[in-house]
Amino acid sequence: VQLQASGGGVVQAGGSLRLSCAASGTVIRFNNMCWYRQAPGKQRYLVALIFSGNTTYYADSVKGRFTISTDNAKNTVYLQMNMLKPEDTAVYYCNLNPPISSWWGQGTQVTVSS
């Protein structure tokens with residue numbers, strides 16, 4: 001399985017970005033998909049989760065600002081990020097919950113300038 005995250009970039013504080021994660025096969029349709037992030041010098045942690053029944057979970061740090069969604073026809077999971085803050089700067093990855101180590105891709109870099 002390949003999980004390819006994209007959509008990162010450099011944005012000013014208060015701006016928005018939409019990340020995409022395309023998967024092969026029907027991984028997204030039948031699994032709980034997550035977005036994780038890892039800032040320099042810090043551990044990677046889960047920021048958003050969508051269950052196969054579309055229930056969602058968000059870390060407190062992003063609640064009310066980020067929205068996770070899926071498009072099963074495109075085998076893609078999205079992360080809409082609004083009201084971005086400098087502390088959101090990190091490499092963002094998608095994976096399952098719990099994550100499968102061999103499925104970590106390169107991630108996509110998000111940099112928020114103040």
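Author: Two strands pair if DSSP finds at least two bridges between them. Take Arg18: this residue stands opposite Gln80 in β8. The model is a predicted one.

Reader: How do you know that β3 and β8 pair, and in which sense?

Author: Count the bridges. β3 and β8 share six, in the antiparallel sense. Pairing needs at least two, so β3 and β8 qualify.

Reader: What makes β1 and β3 a pair?

Author: Four bridges join β1 to β3, and the two run antiparallel. The cut-off is at least two, so β1 and β3 pair. Gln4 stands opposite Ala22 of β3.

Reader: Which strands form the six-stranded sheet?

Author: That open sheet runs β2-β10-β9-β4-β5-β6, and its pairing is mixed. Its edge strands are β2 (9–12) and β6 (56–58), each with pairing on one side only. Here the twist averages 25° from one strand to the next.

Reader: In what sense do β2 and β10 pair, and over how many bridges?

Author: The sense is parallel, over four bridges. Pairing asks for at least two, so β2 and β10 count as paired. Gly9 stands opposite Val110 in β10.

Reader: Why is β3 described as mostly covered?

Author: Five of the seven residues of β3 are buried. Buried means under 20% relative accessible area, so five residues of β3 fall under that cut-off.

Reader: How many residues does the largest nonpolar core have?

Author: It has 29. Those with the most contacts inside this core are Met33, Trp35, Ile68, Val77, Leu79, Met81 and Tyr92. 

Reader: Which elements give two or more residues to this core?

Author: The contributors are β1 (3–6), β3 (17–23), β4 (33–38), β5 (45–50), β7 (66–71), β8 (76–81), β9 (90–96) and β10 (108–113).

Reader: What does Val77 touch, beyond residues up to four places away in sequence?

Author: Its contacts include Leu19, Cys21, Ile28, Met33, Trp35, Ile50, Ile68 and Cys94. Ser20, Ser69 and Thr70 are also touched by Val77.

Reader: Why is Ala90 called buried?

Author: Ala90 has 2% relative accessibility. The limit for buried is under 20%, so Ala90 counts as buried. Ala90 sits in strand β9.

Reader: What does Ala90 touch, leaving out residues up to four places away in sequence?

Author: Ala90 touches Arg37, Gln38, Ala39, Thr108, Gln109 and Val110. Ala90 and Val110 are 20 residues apart along the chain, yet their C-alpha atoms are separated by 5.5 Å.

Reader: Is Thr108 buried or exposed, and how do you know?

Author: Buried. Thr108 has a relative accessible area of 9%, and 9% is under 20%, so the term applies. Thr108 lies in strand β10. 

Reader: What makes Thr108 and Gly8 a polar contact?

Author: A polar atom of the Thr108 side chain lies 2.9 Å from the backbone nitrogen of Gly8. The cut-off for such a pair is within 3.5 Å, so 2.9 Å meets the distance limit. Beyond residues up to four places away in sequence, Thr108 touches Ala5, Ser6, Gly7, Gly8, Leu19, Ala90, Val91 and Tyr92.

Reader: Why is Pro86 called partly exposed?

Author: The relative accessible area of Pro86 is 35%. Buried is under 20% and exposed is over 50%, so 35% falls in between. Pro86 lies in the loop between β8 and β9. With residues up to four places away in sequence not counted, Pro86 touches Ala13, Val112 and Ser114.

Reader: Where is Thr89, and what does its side chain meet at Pro86?

Author: Thr89 is found in the loop between β8 and β9. A polar atom of its side chain lies 2.9 Å from the backbone oxygen of Pro86. Leaving aside neighbours within four places in sequence, Thr89 is in contact with Ala39, Gln109, Val110, Thr111 and Val112.

Conventions. Residues numbered from 1 in each chain as written. Predicted model: local features only at pLDDT ≥ 70, side-chain atom pairs only at ≥ 80, totals over all residues. Heavy atoms only, no water. Core = buried A, V, L, I, M, F, W, Y, C linked by side-chain atoms within 4.5 Å. Buried < 20%, exposed > 50% of the residue type's maximum accessible area, 1.4 Å probe, protein only. Contact = heavy atoms within 4.5 Å. Polar contact = N/O pair within 3.5 Å; in protein donor to acceptor, adjacent residues only side chain to side chain. Axes fitted to C-alpha atoms, helices over the stretch in contact; angles between N-to-C directions.
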